[in-house]
Amino acid sequence: MIKIKLAVLGHLPYLIDISKIIKWKSCLFKIEREVGKYPITTDSDGPDWSYSDSNLVSIIPQRNSEDILIVITNVPLEGNYFARRFSDNRVCLTYHEMVDILTIYNISLENLILRVLYSISILYKRYRNRIPTRHEPTNFAHDETRGCLYDMCGIKTDIIHSLNKPQLCDDCVHDITHNENPRIDRSIIDKVQIELKKIHKERYYQILDFVKRRPVFTLILSTIITIVLGAVGSVLAAILLEYWK
């Protein structure tokens with residue numbers, strides 16, 4: 001079981017339910033209950049007020065007994081990425097611009113953290129219990145958007161497809177379980193696929209999406225329900241009138 005610690009870097013002006021993340025059950029990882037909080041002690045040094053990798057490395061805390069440290073912030077990262085990998089199994093995730101995207105598409109802010117938790121944990125196992133840094137050549141991400149944990153999301157809005165019932169696509173499953181020295185057993189991946197389905201929109205927004213996709217069907221169904229309820233109401237009213245006579 002991979003031990004992961006969460007930490008907040010700087011001020012997060014959003015209501016993120018960290019307790020939901022801590023309570024999340026997975027066969028792959030476990031989140032430590034204590035969440036670290038650290039100030040941002042430097043100014044931005046990149047274009048558009050972004051923080052360069054070298055700048056962040058100087059203020060991101062060191063890892064302790066946990067296997068992976070994930071730092072959550074709100075400042076823009078180098079290259080306008082939503083997550084960056086650093087040495088010693090440390091990852092920085094930002095909500096810069098991501099909040100607007102998630103809000104527009106009615107996706108819970110916590111879903112972004114959960115997606116990163118799974119993608120980073122699997123990556124950690126694939127690379128023999130370590131996370132490759134941003135400078136190392138890797139081929140785990142794919143440019144095509146498939147609703148997969150390893151969608152590159154070069155266009156940031158593509159993230160929405162892997163934040164509502166995400167998956168590991170067939171190619172990624174094959175790469176993880178059928179290479180020369182597979183790091184993760186197929187049975188674990190199958191369990192992870194089931195867990196990923198629990199990362200979804202709230203029920204209310206699922207219903208709204210259903211109505212948008214099938215407006216005619218929804219209209220017909222609501223009409224039938226209205227007629228049935230009206231008929232049932234009439235029958236009940238007649239029964240009650242007979243009873244009180």
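**Entry 1: a charged network**

I began with the charged side chains and found Asp-53, Glu-78, Arg-84 and Arg-134 linked in a network of salt bridges. I note here that the model is predicted. I then counted salt bridges over the structure and got nine. The background is simple: side chains of opposite charge can pair when their charged atoms come close.

**Entry 2: Arg-84 and Asp-53**

The side chains of Arg-84 and Asp-53 meet in a salt bridge, at 2.6 Å from N to O. What does this pair tie together? Arg-84 sits in strand E5, residues 83-86, and Asp-53 sits in helix H2, so the bridge joins parts that are 31 residues apart in sequence.

The cut-off I used for buried is under 20%.

**Entry 3: Arg-186 and Asp-190**

I moved on to helix H6, residues 186-196, which holds both Arg-186 and Asp-190. The two residues are four apart, about one turn of the helix. They form a salt bridge, with the closest N and O atoms 3.0 Å apart. Arg-186 is partly exposed at 41%. Asp-190 is partly exposed at 35%.

**Entry 4: Glu-144 and Arg-146**

I looked up another pair. Glu-144 forms a salt bridge with Arg-146, and their closest N and O atoms are 3.0 Å apart. Arg-146 has a relative accessible area of 27%, which makes this residue partly exposed.

**Entry 5: Trp-49**

I turned to the backbone. Trp-49 is not a glycine, yet its phi is positive, about 65 degrees. Where does Trp-49 lie? I found Trp-49 in the loop between strand E3 (36-38) and helix H2 (53-59). Trp-49 counts as exposed, with 70% relative accessibility. The cut-off for exposed is over 50%.

**Entry 6: Cys-153**

I found a positive phi at Cys-153 too, about 55 degrees, and this residue is not a glycine. Cys-153 belongs to the loop between helix H4 (110-126) and helix H5 (170-177). Is Cys-153 buried or exposed? At 6% relative accessibility, Cys-153 counts as buried.

Note on methods:
Residues are numbered from 1 along each chain as its sequence is written. This is a predicted model: local features need pLDDT of at least 70, side-chain atom pairs count only at pLDDT 80 or more; totals for chains, interfaces and linings use all residues. Side-chain values use heavy atoms; hydrogens and water are left out. Buried means under 20% relative accessible area, exposed over 50%, partly exposed in between (1.4 Å probe, protein chains only). A salt bridge is a side-chain nitrogen of Lys or Arg within 4 Å of a carboxyl oxygen of Asp or Glu.
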